[in-house]
Amino acid sequence: MQRRAFLKQAALGAAGSAALAAPAIAQQATATGQQEPVLAQQTPAVVQQTPPSTEQAPTVAWRLASSFPSESPTLFAGAEDVARYVSEVTDGRFTIQIFPAGDLVQPGQVLEAVQHRVVDCGHTASTRYFDTDPALSFDAGVPFGLNTRQMNAWMLQGEGLALTRVLFDKYNIVNFPCGYTGAQMGGWFRGEVKTVDDLRGLKIKASGFARHVLARLGATPVDVPVADTYAALEQGVVDAVAWVGPYDDESLALYKVARNYYFPGWWAGTLQLSLYVNQDAYDELPKPYQSALALACRMATANMIAKYDAGNPDALRRLVSRGAQLKAFPKPVLQACYDASLAAYKELGAKDPMFKKLYDSMVAFRDKEVPWFRVAEGGFDSMIATLGQPAG
């Protein structure tokens, strides 16, 4: 604002200088009676300058409900990043007070709280609201879907954001991508999973779309608070826990009671977190504040990706050194999960045209992206992993 005022005053000053320096041509009589032009001094015109406006941008104070506990080193930090950035950009005139999960509303109530403006905004993962509307999962991550780079591209350069915003209209919410976990692990299992039959009857802590597919395979999804997962595994309340990945899982110490650490987390190639903003609250924001909010979400997203990419490798090494047994899901198990997911997509799409529209868009984008990633990203990663290794 100061820079704009300076430029405006500089331009006005330049105009005033031009008026002062330009001589006026006056007619003056000579001794011969002829008229000849002479330079005459002219009092410069007074340039009226409008004084800089003393009106300041409005003060806005919002409340944000998070679905995540404040102890989370990454998930909760996404909301903290957003609040910090919008405050800094607006010189403290736009502030956001954050309430951790359970402080103001329960983790599963963020959608409803934002919808009815109990809070102005919320930070959550849309897969949490699968039971409310399965289509919401496309705003987060779905089985055998997109990885982080692909999801980000679909949202910002494909149809993802436009389609999900149409979906959120009925909840009076504007959604902003606000963080990615990257590819997740398949979870901690007390026993081994050698065939798809080993999933039958297993009590598994999972959420969202994963619960739906696991149930189709004969497993029993169980809802257990994250803080209680260790005791639940130890006491046999659950047989497996699917959380996020090494960086988040390490603090839970689940390797002590369930050493089998499976991968990949087929139920989501990434988990996108979102900032839910009440539509009315958003419309009340000055345009610069709206831009500040969008940019803050972009920065929070970049920070979260970096934290996970930097923290997961070391955390995984520490977990393995403490006894975690890394195990890949057998291909027949993954194929069975894939087939069950396709059946679920078909069933849900037949019931909801918006679900089908989102699914078709995501699949078309994924099928275009995967061959390129295999050639470029996958090819580069494979090259780096194998160069310098002995042949054979």
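Residues are numbered from 1 along each chain as its sequence is written, and side-chain values use heavy atoms, with hydrogens and water left out. Because the model is predicted, local features need pLDDT of at least 70 and side-chain atom pairs count only at pLDDT 80 or more, while totals for chains, interfaces and linings use all residues.

A cavity is a set of points, on a 1 Å grid over the protein atoms alone, where a 1.4 Å probe fits but cannot get out, and its lining residues have an atom within 4 Å of a point. Grid points are joined across faces, edges and corners, and a volume is the space filled by probe spheres set on the points. The model holds 2 cavities of 30 Å³ or more. Around the second largest cavity lie F138, G141, V142, G145, L146, M151, W154, G269, T270 and M362, a lining of 6 nonpolar, 4 polar and no charged residues.

The open spaces come next. A pocket is an open set of grid points with protein on both sides within 12 Å along at least five of seven lines. The volume of the largest pocket is about 1300 Å³. It is lined by 46 residues, of which R128, K205, S207, V226 and W243 are the closest to its centre. By class, the lining of the largest pocket has 25 nonpolar, 13 polar and 8 charged residues. Helix 3 (110-115) and helix 6 (209-216) each contribute at least two residues to this lining, and helix 6 gives the largest share, 4 residues. Helices (H or I, at least four residues) and strands (E, at least two) are DSSP runs, numbered from the N terminus.

Turning to charged pairs, side chains of opposite charge can pair when their charged atoms come close. A salt bridge is a side-chain nitrogen of Lys or Arg within 4 Å of a carboxyl oxygen of Asp or Glu, and the whole structure contains 15 salt bridges. R117 and E284 meet in one of them, at 3.1 Å from N to O. R117 lies in the loop between helix 3 and strand 5 (121-124) and E284 in helix 9 (residues 279-284), so the pair ties together parts that are 167 residues apart in sequence. R117 is partly exposed at 32% relative accessible area, whereas E284, at 56%, is exposed; buried means under 20%, exposed over 50%, and partly exposed in between (1.4 Å probe, protein chains only).

Another salt bridge joins R317 to D314, with the closest N and O atoms 3.4 Å apart. Both residues belong to helix 10 (residues 287-321) and are 3 residues apart, about one turn of the helix. R317 is exposed at 57% relative accessibility, and D314 is partly exposed at 42%. Through shared partners, salt bridges also link R117, D120 and E284 into one network.

Some backbone features deserve a look too. Most residues other than glycine have a negative phi, and most peptide bonds are trans. R117 has a positive phi of about 60° although it is not a glycine. D91 likewise has a positive phi, near 55°, and is found in the loop between helix 2 (75-89) and strand 4 (94-99). The side chain of D91 forms a salt bridge with R93 (3.9 Å, N to O). D91 is exposed at 63%, while R93 is partly exposed at 22%. The peptide bond from F263 to P264 is cis, with omega near -5°, and P264 sits in the loop between strand 11 (260-263) and strand 12 (272-278).

Finally, F380, M383, I384 and L387 form a nonpolar surface patch with about 410 Å² of accessible area together. Patches are made of residues with over 30% relative accessible area and no salt bridge, like charges being joined within 9 Å and nonpolar side chains (Val, Leu, Ile, Met, Phe, Trp, Tyr) within 5 Å. Accessible areas come from the Shrake-Rupley method with a 1.4 Å probe, and for residues only the protein chains shown count as cover. F380 is located in helix 13 (residues 377-386) and is partly exposed, at 47% relative accessibility.

Conventions:
Ala, Val, Leu, Ile, Met, Phe, Trp, Tyr, Cys and Pro count as nonpolar, Asp, Glu, Lys and Arg as charged, and the others, Gly among them, as polar.
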